[in-house]
Amino acid sequence: MADRILIVEDEEKLARFVELELNHEGYEVQKAFDGRTGLMMALEGDCDLILLDVMLPGMSGLELLRRLRKEKQTPVILVTARDAVMDKVTGLDMGADDYITKPFEIEELLARIRAALRKRMAPATGGNVLSSGELKLDPARHELHYAGERIELTHREFALLQVLMENRSIVLSREKLLELVWDYDYAGETNVVDVYIRYLRAKIDDAYGVKYIHTVRGVGYVFRDA
């Protein structure tokens, strides 16, 4: 059965172009041209992935994503303006799986769609609890605790911390972290890794007065036992 993709995009010519390309690749496609219709179709339908423009009439893409994540974990790829860094960071923090900037090459979009769908279908791994001192990460339950106190992480923060803990004492470059956590080879804006490292430090290192996540200047980041 073909994967079903919902395109939520107010530029009808662009939506039609993407639809034709996706149809050619064997995907089933539905379209919505405003945020409210897109949210209704996302919640009531059974799509496998959503291609979501940030700037939409009726309801923004970010608000659509926020409401969607209360009920569903359907993979979402945001479509943003090239200079909308905060939209990208906010969207990823709210649970988007990836983003692509306009104008984009259709080959890149198709690669990101395949990566997001592979990640959705991948079997759960790493079921063993990862621990370092009072810090305990449980991949199976998707929970993190410090000294018995639960720490709330977003999906992306959790995935980043898990990769760091699984590779403790190994320095990982920003590019390698993007490949492992965002699930595709990436060339371009690696500052998103720095943003998420700051989020983790604020919630763990700064909050509890410990030092787990270290910067290796000019190389990347490493998790070490506190």
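Guide: Buried means under 20% relative accessible area, exposed over 50%, and partly exposed in between (1.4 Å probe, protein chains only). This is a predicted model, where local features need pLDDT of at least 70, side-chain atom pairs count only at pLDDT 80 or more, and totals for chains, interfaces and linings use all residues. Residues are numbered from 1 along each chain as its sequence is written, and side-chain values use heavy atoms, with hydrogens and water left out.

Visitor: Why does R150 count as partly exposed?

Guide: R150 has 41% relative accessibility, so it counts as partly exposed. E152 has a relative accessible area of 54% and is therefore exposed.

Visitor: What makes the meeting of the E152 and R150 side chains a salt bridge?

Guide: A salt bridge is a side-chain nitrogen of Lys or Arg within 4 Å of a carboxyl oxygen of Asp or Glu. For E152 and R150 the N to O value is 3.5 Å, and the pair is a salt bridge.

Visitor: Which residue forms a salt bridge with D48?

Guide: R4 does, with the closest N and O atoms 3.4 Å apart. D48 lies in the loop between α2 (35–44) and β3, and R4 in strand β1 (residues 4–8), so the pair ties together parts that are 44 residues apart in sequence. Helices (H or I, at least four residues) and strands (E, at least two) are DSSP runs, numbered from the N terminus.

Visitor: Why does D48 count as buried?

Guide: D48 is at 10% relative accessibility, so it counts as buried. R4, at 23%, counts as partly exposed.
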